[in-house]
Amino acid sequence: MGQGLSIQKCDFMIPENNKNHHTEEISTKRLIVRRGQPFTITVRFSAPVHNYLKQMKRTFLIVQTGPHSAKADEIQAEFPISSLADQKQWSAAVEEQDPNFWTLRVSTPANAPIGQYNLLFRASKSPQLLGDFTLLFNPWCRDDEVFLANEAQRQEYILNQDGIIYQGTENAILAQPWDFSQFEEDMVDICFILLALGEHSQREKDPAQRRSPVPVCRAAAAMLNCSEFRSLTEYEPGQHHNGTPPSKWLGSIPILRQWIASKFQPVHSGRCWVSAAVLCSVLRCLGIPTRVVTGFTWAHNTKSSLSVDEYYDEDGTLLTQDKSARVWTFHVWNECWMARSDLLPEYSGWQALDATCQEKSKGESFCGPAPVRAIKEGDTQVDYDVCYFFAAINAKCHVWIHKADDTLKPAFGGTKYTGNNISTKSVGSERCEDITQNYKYPEGSLQEKKVLDKAYRNMKELETASGMSSTQFIFFPTALEEPVNIFIHFQSSSLQLGQDMTLSIEVFNHTDREKATHLVAGIQALHYNGVPIAQLWKEEFHFNLHSNSVNNLKVSVPYTWFGKELGENHLLRLTAVLRDEDSSFMYLAQEEISISDSPLTIEFLENMVQYEPSTARISLQNPLMEPLEQCVIAVTGRGLIYRHRNYRLGSVQAKSTQELEIPFTPTRAGPRRLTARLTCLQLHNLKSYRTTNIAAA
């Protein structure tokens with residue numbers, strides 16, 4: 001530093017700073033701080049400072065994101081060390097000093113670009129490197145665009161690493177565990193690599209874009225499924241032999257580590273819930289409050305149309321004539337909390353962000369961030385992609401019967417309404433919270449009608465401006481106008497493994513005439529995205545419907561008829577197609593059911609203490625009338641067991657129970673979750689989890 005003065009030692013005071021900045025879970029060895037909040041460092045000089053008073057009157061700190069500060073894609077700021085810090089911008093102040101020692105308080109602006117910085121000290125022409133630090137978004141800072149006022153929500157949407165993702169059906173919601181692992185030591189480096197590649201894929205070179213959470217969210221979403229460097233490939237049935245089926249993943253970090261280890265080759269394979277979970281991990285790590293959201297009966301790839309069609313044959317078998325637009329049983333996306341400085345103030349708050357690829361006429365194939373308020377109000381012209389979210393949760397699904405003569409006939413009674421039971425994990429608990437009211441007004445309300453009318457007008461204007469063909473709306477009689485109604489009832493909207501199905505089909509004749517009818521009831525196995533797997537059962541009935549009467553048909557279907565070809569989500573679609581032999585009108589009823597219970601249970605010992613050996617007991621109860629073959633139980637639990645473990649149990653006999661003792665030594669105190677997953681020849685995607693509290697040593 002000229003004339004022989006140099007810095008002997010710099011202490012970044014990492015334990016204290018990281019604790020103050022809520023990053024101590026990420027690392028205790030490197031400085032990771034949040035913008036808009038000061039941090040403290042100490043500098044020890046090689047000689048007394050008073051020997052160099054002339055030099056020390058003008059001393060500076062320099063922050064830069066790369067070794068070449070003049071490059072356009074790097075950031076540099078130089079600021080003087082003074083006696084008073086300015087917390088609104090880059091600044092540094094001397095808090096304590098003695099002849100050889102300074103304590104400096106370094107302030108970062110609340111809108112500084114996030115990233116990995118070098119910190120340098122300059123008192124002459126040649127600056128000295130003090131070290132490096134990582135700067136994240138700060139939801140604890142009022143001036144940060146991601147500020148979240150509620151501490152319980154910050155604990156949940158930034159700091160909680162144990163997630164729950166909801167699947168199943170709208171009437172039988174199934175909780176699935178997920179380990180976000182956003183604070184694993186290497187996670188922050190992976191996130192910035194992913195972010196840089198996402199920016200490259202969007203041809204975004206301005207480093208100042210990292211000031212705002214909006215472009216950061218868009219770059220991260222692009223990396224999940226849609227860019228040339230994407231980290232996940234979409235799962236297609238039959239392709240999983242080249243990778244891991246989506247249902248086998250238990251957390252985000254194995255996916256991201258595999259992506260890094262393969263030098264950015266896509267990881268096989270993901271589904272919407274995997275993409276949303278990994279994106280949640282990345283954004284929470286970067287400091288953006290994020291949650292995973294599931295909507296049931298989701299209209300996918302409607303290209304902003306408020307109408308989507310389903311096609312069945314005359315026996316009620318679901319067809320896939322439209323391979324892009326279809327109704328999904330459920331869909332999973334993210335919400336991120338932020339102020340939208342690029343929009344009107346009322347659009348700040350939760351933003352919907354969907355990393356699943358869409359078939360869009362132009363632009364990126366992911367969607368968002370879209371203000372949830374704009375989706376609810378039908379403001380479909382608002383950025384980004386509000387129209388796609390609005391259509392997905394408000395479209396009507398009309399059903400058509402594809403007849404043997406290759407003509408299409410509308411099926412009365414089959415209309416479905418999308419966007420039901422939108423769900424997310426509650427703050428501070430494992431309870432499911434319904435947030436549908438954030439996205440939609442109550443069905444049938446005057447507000448809903450006004451919003452639909454406004455959105456329809458906006459979409460028509462968009463179609464006119466873009467030259468797209470206008471949406472065709474087909475008239476379908478409502479249920480009250482239909483001469484016949486048909487309904488399917490069953491004991492429960494979810495079945496136990498091995499349980500036979502008992503269902504009731506009710507047919508109402510509202511006319512004064514007797515009707516000769518032909519009914520076909522069936523069961524299909526279904527992927528979550530509306531793609532049929534196989535027809536599992538079908539039965540035909542002929543009967544006369546008396547005038548102004550109801551016919552109740554009870555049917556029992558043994559488990560062995562439908563239990564062997566379940567898909568990874570264990571979803572079944574029940575259909576009943578009724579043909580009026582006189583009028584040739586077709587009526588359809590459909591219901592979805594999930595087989596959702598897990599045969600695994602987990603038990604812990606009481607009063608477990610950090611660093612003291614303990615055990616957990618996992619019980620596998622075979623509910624079937626046949627042995628479970630080649631059983632493997634995978635166990636994971638951050639802070640409880642080291643790494644992922646697999647236990648091979650071989651065969652478990654019919655209607656019997658096998659127990660497994662898991663030894664472990666907890667390394668972290670507080671609430672800790674153990675997750676177990678069963679795979680065998682007969683069953684897939686069966687998970688169980690249990691959270692326990694570990695006392696500090």
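**Reading burial and ring pairs**

Me: Is W298 buried or exposed?

Reply: W298 counts as buried, because its relative accessibility is 3%. Buried means under 20% relative accessible area, exposed over 50%, and partly exposed in between (1.4 Å probe, protein chains only). Keep in mind that this is a predicted model: local features need pLDDT of at least 70, side-chain atom pairs count only at pLDDT 80 or more, and totals for chains, interfaces and linings use all residues. Residues are numbered from 1 along each chain as its sequence is written, and side-chain values use heavy atoms, leaving out hydrogens and water.

Me: How many aromatic pairs does a search of the whole structure find?

Reply: Rings of Phe, Tyr and Trp (its six-membered ring) pair if their centres lie within 6.5 Å; planes under 30 degrees apart are stacked, over 60 edge-to-face, and the rest tilted. Here the search gives 22 aromatic pairs. In one of them, W273 and Y528 have ring centres 5.2 Å apart and planes at 75°, so they meet edge-to-face.

Me: Which parts does the pair of W273 and Y528 tie together?

Reply: Helices (H or I, at least four residues) and strands (E, at least two) are DSSP runs, numbered from the N terminus. W273 is in helix α7 and Y528 in the loop between β28 and β29, so the pair links parts 255 residues apart in sequence. Y528 is buried, at 0% relative accessible area.

Me: What about W298 and F389?

Reply: Their ring centres are 6.4 Å apart with planes at 75°, so this pair is edge-to-face. W298 belongs to strand β14 and F389 to helix α9, so parts 91 residues apart in sequence are tied together. F389 is buried, at 3% relative accessibility.
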